[in-house]
Amino acid sequence: MEDISKGLEPFRIPIEDTHHLGSFLLYITDSIFPDGTPVTTYEPESSSADGESDEDSTNETYTCSCVANHDDHPSVNICTVENGATCDCVSDFGNFYYMPSGNCDDHKDIDRQLLNLEALPERLPLVECSPICPCSGNCANRLTQRGVLISTTIRPSSSGVGLGLFYISTTHDDLPQGCFVSLYAGEYLTTDQARQRWSNQRVHEEGQGNHILSLKLPGKTWHIDPRFKGNIGRFLNHSCDPNCVIQIVRWGIDSLPRAAIFTKRGVRVGEELTFDYANASGSVDLAAQLDRQNVIEDGAGRTKCLCGSQKCRGWMPFDETL
Ligand SMILES: C[S@@+](CC[C@H](N)C(=O)[O-])C[C@H]1O[C@@H](n2cnc3c(N)ncnc32)[C@H](O)[C@@H]1O
């Protein structure tokens, strides 16, 4: 079977059905701007082109001095909670990753880190050491920068909603809660660009589905569109009772927010990985709001949800700003 990542991820990601890839053109491991520039090159400005204020802006690049501590902490995992006082990133923003005792899935040679979801205050973005921090690439505060380290495959979803992403393993070990699955990588769009794409698609490609994930942060919304260029994140279907959750993560405080997918409970071998599309900002607010409104009575213009869970709200969440 073909590896959808074409060797770009640490392990092969077989795809069982290449005939239903729709508009998908290119596998990328991290997001890009529509002109192909990597989002790692983003430099915040005091005001943005689409007129929204950018509260995240700063004129100073945040620098981490972890390298100064290499002598005291020769271990590669220098940026841990235990060594937090010696790492600017960890002392300022915390490190919510921990190493469980024992192995947790098929790649037993990997030191698997997990996210402590219970300890993380809701909506708080994770801040990892940045790719240019002088600590080593093996630093314990860079979990989402290492690619997809669990075994997955893409195959038709049993709920009949096209392709989906499934956890596979030869060892029959469940994935534990807090396991990093992948980023939701795609093209970063302004709100105007996202609206334009969505309206074009509705006119010319009806039925192809909406892949745009909107990250609503205070004062700023970023849209990630993996329809043409993306990673395995684009194959996770929506469930009203999902086994994964989206968590906002920054690779350095002044970087763009990325969307990272983590398991929110244990996942059995063969299970499809899903998240709640209403949860894209890392918050339970919208999902709770949809429950209160009982959107089942008001489905105009929405897609019927086929997640099949007992908690199904009836309709797919829809971003009204698009
Ligand atoms: C991000 S894609 C997910 C992957 C998609 N199934 C595929 O084959 O490419 C999102 C689209 O999948 C479909 N979808 C995902 N979850 C669904 C659900 N619970 N009910 C109905 N359609 C769903 C919708 O068409 C949605 O716009």
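Confidence first. The model scores ipTM 0.99 and pTM 0.88. For the protein chain, pLDDT averages 82, and 75% of the residues score at least 70. Two stretches need a remark. Residues 53–59 have a pLDDT below 50, though the model gives this stretch 18 contacts beyond near neighbours in sequence. Residues 292–298 also stay under 50, with seven contacts beyond four places in sequence. Where pLDDT is low, the predicted coordinates should not be read in detail.

In soluble globular proteins, nonpolar side chains tend to be buried together. Here the largest nonpolar core holds 59 residues, and Cys79, Ala259, Ile261 and Phe262 have the most contacts inside it. Strand 15, residues 244–251, gives the most to this core, namely five residues. What does isoleucine 261 touch, leaving aside its neighbours within four places in sequence? Its contacts are Val181, Ser182, Tyr184, Gly233, Leu236, Cys244, Ile246 and Phe275. Another core lies apart from this one; it has six residues, including Tyr277, Ala278, Cys307 and Met316.

Three strands make an open, antiparallel sheet, and their order is 10-12-11. From one strand to the next, the twist averages 25°. Strand 12, residues 220–225, is joined to strand 10 by three bridges, and the two run antiparallel. Within that pairing, leucine 189 stands opposite histidine 223 of strand 12.

Notes. Residues are numbered from 1 along each chain as its sequence is written. This is a predicted model: local features need pLDDT of at least 70, side-chain atom pairs count only at pLDDT 80 or more; totals for chains, interfaces and linings use all residues. A nonpolar core is a set of buried Ala, Val, Leu, Ile, Met, Phe, Trp, Tyr and Cys residues joined through C-beta atoms within 7 Å. A residue is buried if 20 or more other C-beta atoms lie within 10 Å of its own, exposed if 12 or fewer, and partly exposed in between; C-beta atoms are placed from the backbone. Helices (H or I, at least four residues) and strands (E, at least two) are DSSP runs, numbered from the N terminus. Two residues are in contact if their C-beta atoms, placed from the backbone, lie within 7 Å. pLDDT is the predictor's confidence in each residue, from 0 to 100. Two strands pair if DSSP finds at least two bridges between them. Axes are lines fitted to C-alpha atoms, for helices over the stretch in contact, and angles run from 0 to 180 degrees between N-to-C directions.
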